[in-house]
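Work through the exercises below with the sequence and the model at hand. Each task is followed by a solution in steps.

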Amino acid sequence: MERYMLYTTAVILIVLWLFGVVSAYTLGGFIHILLVIAIISILLRVIQNRRV
């Protein structure tokens with residue numbers, strides 16, 4: 001269950017980032033922070049899978 005929650009969070013953050021890129025409103029750094037958090041969460045999950 002925890003695994004799916006991490007992927008869901010990452011997907012939501014990436015979708016929000018894409019929405020920020022294509023929208024007329026510019027949130028600046030906030031959107032890029034969301035993208036970085038999404039990438040870090042995916043990388044952490046991949047690293048944890050290799051250890052197990």
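The exercises go from the whole chain to single residues.

The model is predicted, so local features need pLDDT of at least 70 and side-chain atom pairs count only at pLDDT 80 or more, while totals for chains, interfaces and linings use all residues. Residues are numbered from 1 along each chain as its sequence is written, and side-chain values use heavy atoms, with hydrogens and water left out.

**Exercise 1.** Describe the chain as a whole.

Solution. Begin with secondary structure: the chain has two helices and zero strands. Helices (H or I, at least four residues) and strands (E, at least two) are DSSP runs, numbered from the N terminus. Next, take burial: of the 52 residues, 19% are buried. Buried means under 20% relative accessible area, exposed over 50%, and partly exposed in between (1.4 Å probe, protein chains only). Finally, the chain exposes about 4400 Å², with 74% supplied by carbon and sulfur atoms.

**Exercise 2.** Is Val36 buried or partly exposed?

Solution. Val36 sits in helix H2, which covers residues 29-51. Val36 is partly exposed because its relative accessible area is 46%.

**Exercise 3.** Locate Ile12 and relate it to Leu35.

Solution. Ile12 is in helix H1 (residues 2-22). With a relative accessible area of 46%, Ile12 is partly exposed. Ile12 and Leu35 are 23 residues apart in sequence, and their C-alpha atoms are 9.9 Å apart.

Notes:
Areas by Shrake-Rupley, 256 points an atom, 1.4 Å probe, with all protein chains shown as cover.
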